[in-house]
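Please keep the sequence and the coordinates in view while reading.

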Amino acid sequence: MEPDLSGALYVGDYRALLVADLHLEKGSSFVRRGLCIPPYDTRSTLSRLEAVVQRLKPSRLISLGDSFHDKSAGDRIDAADLDSLRRLCETMEVCWLTGNHDPVLPGQLPGRVASEVALGPVALRHLPRARLETQFEIAGHLHPVASISRRGRRITSRSFVADETRIVMPAFGVYTGGLNVSSPEIASLFANNGFTAWMIGRSALYGFCSSVLD
């Protein structure tokens, strides 16, 4: 499994590209509530996704839930963005996992919809399970970020969080917030709060054990 600087995860044995928490149309949901922010997050997120697909050339794409920010996001998405998404999905097999934000996905999406799927012995789902019912799990939902202090400077970045049985994916969407990996919601998923956070830098990923993180 190859974590990517974009926040995607490539599983070479299956030529599968995994992404989590795109939260498409989150910006437009804020605009509807009267917040003055640029509602172009969908276009930026799709551009990021297109770049990863062109570079890694997967044969399948699996989105691990919360692909859309809410149940009406499919009605708000710009026609040009929807066309871009459809063209992208035509190049590979696509599976959309349901999430807590999008338990029902827009009907115009290409590909299939499932609550969870498996790649060999690895269960893929949106919400990580407190107790694993399978040998391995990859999940999203928690938007992990990690922080570390070095030479008087504190650095924070999106991160993959993993041990030998579980990976929690960073959020892929450009308007998504983050939850510190040291929070109980994330740390408690790993035995003795022991995990590695793979922090996403500008040109590389950097692995730090949980004990040295802020």
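Leaving aside its neighbours within four places in sequence, with which residues is Ser157 in contact? Ser157 is in contact with Val145, Ala146, Met199 and Ile200, where contact means heavy atoms within 4.5 Å.

## Basis of the model

The model is predicted, so that local features need pLDDT of at least 70 and side-chain atom pairs count only at pLDDT 80 or more, while totals for chains, interfaces and linings use all residues. Residues are numbered from 1 along each chain as its sequence is written, and side-chain values use heavy atoms, with hydrogens and water left out.

## Overall architecture

The protein chain contains 5 helices and 15 strands; these are DSSP runs numbered from the N terminus, with helices (H or I) of at least four residues and strands (E) of at least two. Its radius of gyration is 17 Å, close to the 17 Å that the globule rule gives for 214 residues, so the chain is as compact as a globular protein of that length. The radius is taken over C-alpha atoms, and the globule rule is 2.2 Å times the number of residues to the power 0.38. Along the principal axes, the C-alpha atoms fill a box of roughly 45 × 40 × 30 Å.

Of contacts between residues at least 6 apart in sequence, 65% join residues at least 24 apart. Buried residues account for 50% of the 214 residues; buried means under 20% relative accessible area, exposed over 50%, and partly exposed in between (1.4 Å probe, protein chains only).

## Surface and charge

The chain exposes about 10400 Å², of which carbon and sulfur atoms supply 51%. Accessible areas come from the Shrake-Rupley method with a 1.4 Å probe, and for residues only the protein chains shown count as cover.

There are 24 positive and 23 negative side chains, and the centres of the two sets lie 5 Å apart. Lys and Arg count as positive and Asp and Glu as negative, without His and the chain ends; each charge is placed at NZ of Lys, CZ of Arg, CG of Asp or CD of Glu.

## Two buried serines

Ser157 belongs to strand S11 (residues 153–162) and counts as buried because its relative accessibility is 12%. Its side chain reaches the backbone nitrogen of Ile200 at 3.3 Å. This is a polar contact, meaning a pair of N or O atoms within 3.5 Å; within protein, one must be able to donate a hydrogen and the other to accept it, and residues adjacent in sequence count only if both atoms are side-chain atoms.

Ser183 is located in the loop between strand S13 (179–180) and helix H5 (184–187). Ser183 is buried, at 12% relative accessibility. A polar atom of its side chain lies 2.8 Å from the backbone oxygen of Asn180.

## Loop residues

Asp66 lies in the loop between strand S4 (60–63) and helix H3 (73–76) and is buried at 1% relative accessibility. Asn192 occupies the loop between H5 and strand S14 (196–200) and is exposed, with a relative accessible area of 80%.

Gly152, in the loop between strand S10 (144–150) and S11, is exposed at 88% relative accessibility. Gly152 and Gly107 are 45 residues apart in sequence and 51 Å apart in space, C-alpha to C-alpha.
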